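I set out to record the side-chain contacts and strand pairings of this chain. The entries below follow the order in which I looked them up.

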Amino acid sequence: QVQLVESGGGLVQAGGSLSLSCAASGFSFRSYAMAWFRQAPGKEREFVARISWNRGATNYADSVKGRFAISRDNAKNMAYLRMNGLKPEDTAVYYCAAALGDRRIYNYWGQGTQVTVSS
């Protein structure tokens, strides 16, 4: 059974930091690119960051570039999102997702974790 389970969300003041984790199981983790998306109330889900399955190449949404860092540990089947310099506009439910190889279609999604940034 495929599972992606996010953790690490919470309430933080503006300028603070949080680290999100995504535990993967039930599929060949090292063959999948991992990504983080977020969805704020009343808004569409948006891409945050992605890390490739092979060389660990990363890319970020412009809104988080320089503040967020995505990483992965293939030995532990884990993906991470380190978030620094948080802003109130970063408030959202954060989801991790997995896409096979270089594909842009995400086959698997987690249930999400809430991140709230107070001003």
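This is a predicted model: local features need pLDDT of at least 70, side-chain atom pairs count only at pLDDT 80 or more; totals for chains, interfaces and linings use all residues.

**Entry 1. Charge over rings**

Over the face of which ring does Arg 45 lie at 3.9 Å from the ring centre? The ring is that of Trp 109, with Arg 45 over its face at 3.9 Å from the centre. I then looked up Phe 37 and found Arg 45 over the face of that ring as well, at 6.0 Å from the ring centre.

**Entry 2. Aromatic pairs**

I next turned to the rings. A pair of aromatic rings is described by the distance of the centres and the angle of the planes. The count came to 8 aromatic pairs. I checked the accessibility of both partners: Tyr 32 is buried at 10% relative accessibility, while Tyr 108 is partly exposed at 24%.

The aromatic pair of Phe 37 and Phe 47 is edge-to-face, with 5.8 Å from centre to centre and 75° between the planes. This pair also links distant parts of the chain, with Phe 37 in strand β4 and Phe 47 in strand β5 (residues 46-51), 10 residues apart. Phe 47 is partly exposed, at 26%.

**Entry 3. Salt bridges**

Side chains of opposite charge can pair when their charged atoms come close. I found a count of 4 salt bridges. Which residue forms a salt bridge with Glu 46? The partner is Arg 38, and the closest N and O atoms are 2.6 Å apart. Glu 46 is partly exposed at 36% relative accessibility, whereas Arg 38 is buried with a relative accessible area of 5%.

Arg 38 also forms a salt bridge with Asp 90, where the closest N and O atoms are 2.9 Å apart. Asp 90 sits in the loop between β8 (78-83) and β9, and Arg 38 in strand β4, so far as 52 residues apart, and the pair thus links distant parts of the chain. Asp 90 is buried, with a relative accessible area of 0%. I recorded that salt bridges with shared partners join Arg 38, Glu 46, Arg 67 and Asp 90 into one network.

I then examined Asp 62, which forms a salt bridge with Lys 65, the closest N and O atoms being 3.1 Å apart. Asp 62 is exposed, at a relative accessible area of 65%.

**Entry 4. The disulfide**

A disulfide is a covalent bond between the sulfur atoms of two cysteines. My count came to 1 disulfide. Which cysteines does the disulfide join? Cys 22 is joined to Cys 96, with an S to S distance of 2.0 Å. The link of Cys 22 and Cys 96 is right-handed, with 50° about the S-S bond. Cys 22 lies in strand β3 (residues 18-25) and Cys 96 in strand β9 (residues 92-100), so the pair ties together parts that are 74 residues apart in sequence. I looked up the accessibility of each cysteine: Cys 22 is buried, with a relative accessible area of 0%, and Cys 96 is likewise buried, at 0%.

**Entry 5. Strand pairing around β8**

Finally I looked up the partners of β8. Strands β3 and β8 run antiparallel and are joined by 6 bridges. Within this pairing I noted Leu 20 opposite Leu 81 in β8. Strand β7 (residues 68-73) also runs antiparallel to β8, again with 6 bridges, and Arg 72 stands opposite Ala 79 in β8.

How many residues lie between β7 and β8 in the hairpin they form? There are 4, and Asn 77 in the turn has a positive phi of about 55°.

Note on methods. Residues are numbered from 1 along each chain as its sequence is written. Side-chain values use heavy atoms; hydrogens and water are left out. A disulfide is a pair of cysteine sulfur atoms within 2.5 Å. Helices (H or I, at least four residues) and strands (E, at least two) are DSSP runs, numbered from the N terminus. Buried means under 20% relative accessible area, exposed over 50%, partly exposed in between (1.4 Å probe, protein chains only). Rings of Phe, Tyr and Trp (its six-membered ring) pair if their centres lie within 6.5 Å; planes under 30 degrees apart count as stacked, over 60 as edge-to-face and the rest as tilted. A charge sits over a ring if NZ of Lys or CZ of Arg is within 6 Å of the ring centre and within 35 degrees of the ring normal. A salt bridge is a side-chain nitrogen of Lys or Arg within 4 Å of a carboxyl oxygen of Asp or Glu. Two strands pair if DSSP finds at least two bridges between them.
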